[in-house]
Amino acid sequence: TATPHGPRTWLVASAKEWAAGNGDGVTVTADGRLTLAAGEEVLGTAEEPHLWGVDVDKAGTAWLASSNGGELLKVAGGATSVAWHGDEPLVTAVRATPEGIVFATAPDGTLRRFADGKAVELADSGASYVWQLQPSTKGGLLAVTGRPGRLLRINGDKIETLAAPGVEHLLCVAEAADGTIYFGGGQPGGLWQWKAGVCRLM
C-alpha cells in the first residue's frame, strides 16, 4: 500500500552542497530564489564542434554558422541540412534579412547572401573575420570584425568603416533606438560608443 507524505524540505548551506544536486528544470534568480525553468524543445541537432552564430527568419527557419568545413546550416521541421558549403573552414556570422540570409566566411572575411538556394558574394569585409552581423536602425547591417578590429556599416555590396579603434578583434555590437552604436572587444576588453561620427572608449 502507498502511504501519502507531505512536502519534503531540506537545507543547502554551501556552494559545494548546491553543486552536488541536480538542477534540471529549475532556475536560480539573481536574488537567490529557486523557480521552475522555462520549458525547452529540441528543434534540431547538428554534429558540429562549434556554432558561431544563429538567426531565425520570418518563416521560423533557423540558420546556423558552423565551424565544420565552412557550412551554413538550415534547421526546419526538426531536420538539419547543409544549405551551403564553401572552401573556407568557418562560417562566423549569420543574419536573416528580407533579401535573404547574409553570412560571413573566414579567414577570407567574405560576405555572402543566400537566397533561392544559391549564395552570391556581396563584398569583401577587408578583415579576416566577421564576428557579428546586426540589423541597423538606418537600414542594412552593422558588423564587427577581427584582424583588424573594425566597426562596419553594410548596405548591399557597399561597406563603410565607421570606427577602427586599433584592436585585433571586435566581437559584439548593438545599436540604441537613437542610432548610438555600442561595440566591444580587444584584449583587455573594451567598450566603445559611436555617435554622430564620433567614437570614444567608455
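Two strands are taken as paired if DSSP finds at least two bridges between them; strands (E, at least two residues) and helices (H or I, at least four) are DSSP runs, numbered from the N terminus. The structure is a predicted model, in which local features need pLDDT of at least 70 and side-chain atom pairs count only at pLDDT 80 or more, while totals for chains, interfaces and linings use all residues. Residues are numbered from 1 along each chain as its sequence is written, and side-chain values use heavy atoms, without hydrogens and water.

Strand E8 (residues 100-106) pairs with strand E9 (residues 110-115) in the antiparallel sense over four bridges, and Phe103 has Arg112 in E9 as its bridge partner. Three residues separate E8 and E9 in their hairpin, where Gly109 takes a positive phi near 65°. E9 also pairs with strand E10 (residues 118-124), again antiparallel, over six bridges; here Arg112 stands opposite Glu121. The hairpin of E9 and E10 has two residues between the strands, and Asp116 in the turn shows a positive phi of about 55°.
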